[in-house]
Amino acid sequence: MREGKFKWVGPLAEKKIGLYAKADSTIKLEKIEEARKFLIGVQRSGHGMQYLKARGFKNFDPSTKPIANLRKLLRGNNDLWFSSNATIAGNCRRVNVKNCQAKIKLVLLVENTFMSIAFNKQTPDSVIDLWQGTYDALYRGGIIKKILKAHGLLS
């Protein structure tokens with residue numbers, strides 16, 4: 001695990017990894033096995049493809065870039081996209097998809113993590129404390145929430 005290899009400041013944002021569908025989709029999933037009957041967009045050799053392969057899935061459509069998966073999902077070429085809220089928000093911005101959260105929904109949460117800033121283990125604790133204190137002040141002041149909302153990272 002990476003946690004013990006670094007010193008951390010955060011958490012900066014929540015990262016929801018899972019299966020996403022178009023907002024108007026009727027797909028409802030309670031467990032990953034139920035996704036076997038749908039075509040799933042994944043990034044070639046990425047986390048999603050490895051996760052699905054390890055569980056015996058073969059019904060995925062790999063692309064080399066997340067933007068391709070976004071476009072395929074929005075056009076209806078794929079039923080689902082194995083991705084994260086951060087990847088979706090960033091790629092919606094790149095291709096100028098407005099109001100992305102209203103067009104794509106999470107139908108199965110696979111992993112929920114938090115993004116943080118990693119520092120070298122040799123970084124003095126006083127530096128870490130300064131960064132964390134500054135981050136905490138920005139959070140309390142509502143600045144962090146505004147930034148996350150502006151980038152589509154708040155649900």
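**Sheet, helices and a disulfide**

Student: Hi! Which residue of β5 stands opposite Gly-18?

Tutor: Gly-18 has Leu-109 facing it in β5. Strands here are DSSP runs of E, at least two residues, and helices are runs of H or I, at least four, numbered from the N terminus. This is a predicted model, where local features need pLDDT of at least 70 and side-chain atom pairs count only at pLDDT 80 or more, while totals for chains, interfaces and linings use all residues. Residues are numbered from 1 along each chain as its sequence is written, and side-chain values use heavy atoms, without hydrogens or water.

Student: OK, and how do β1 and β5 pair?

Tutor: Strand β1, residues 6–22, runs antiparallel to β5, with 14 bridges between them. For two strands to count as paired, DSSP must find at least two bridges.

Student: What's the strand order in the whole sheet?

Tutor: The order is β3-β2-β4-β1-β5, five strands in an open sheet with mixed pairing. At the edges sit β3 (60–63) and β5 (104–120), each pairing on one side only. From one strand to the next, the twist averages 25°.

Student: Which strands does α2 lie across?

Tutor: Helix α2, residues 66–75, lies across β1, β2 (40–43), β3, β4 (80–84) and β5, and runs at about 135° to β3. Axes are lines fitted to C-alpha atoms, for helices over the stretch in contact (heavy atoms within 4.5 Å). Angles between N-to-C directions go from 0 to 180 degrees.

Student: And α4, at what angle to β1?

Tutor: At about 50°. Helix α4 covers residues 125–140 and lies across β1 and β5.

Student: Let me switch to a side chain. Where is Ser-83 found?

Tutor: Ser-83 belongs to strand β4.

Student: Why does Ser-83 count as buried?

Tutor: Because its relative accessibility is 7%, and buried means under 20% relative accessible area (over 50% is exposed, in between is partly exposed; 1.4 Å probe, protein chains only).

Student: What does Ser-83 touch?

Tutor: Leaving out residues up to four places away in sequence, Ser-83 touches Lys-16, Ile-17, Gly-18, Tyr-20 and Ile-88. Gly-18 is also the residue we began with, opposite Leu-109.

Student: New topic: how many disulfides?

Tutor: One disulfide, taking a pair of cysteine sulfur atoms within 2.5 Å as the rule.

Student: Which cysteines form the disulfide, and how far apart are their sulfur atoms?

Tutor: Cys-92 and Cys-100, with the sulfur atoms 2.0 Å apart.

Student: Are those two, Cys-92 and Cys-100, buried or exposed?

Tutor: Cys-92 and Cys-100 are both buried.
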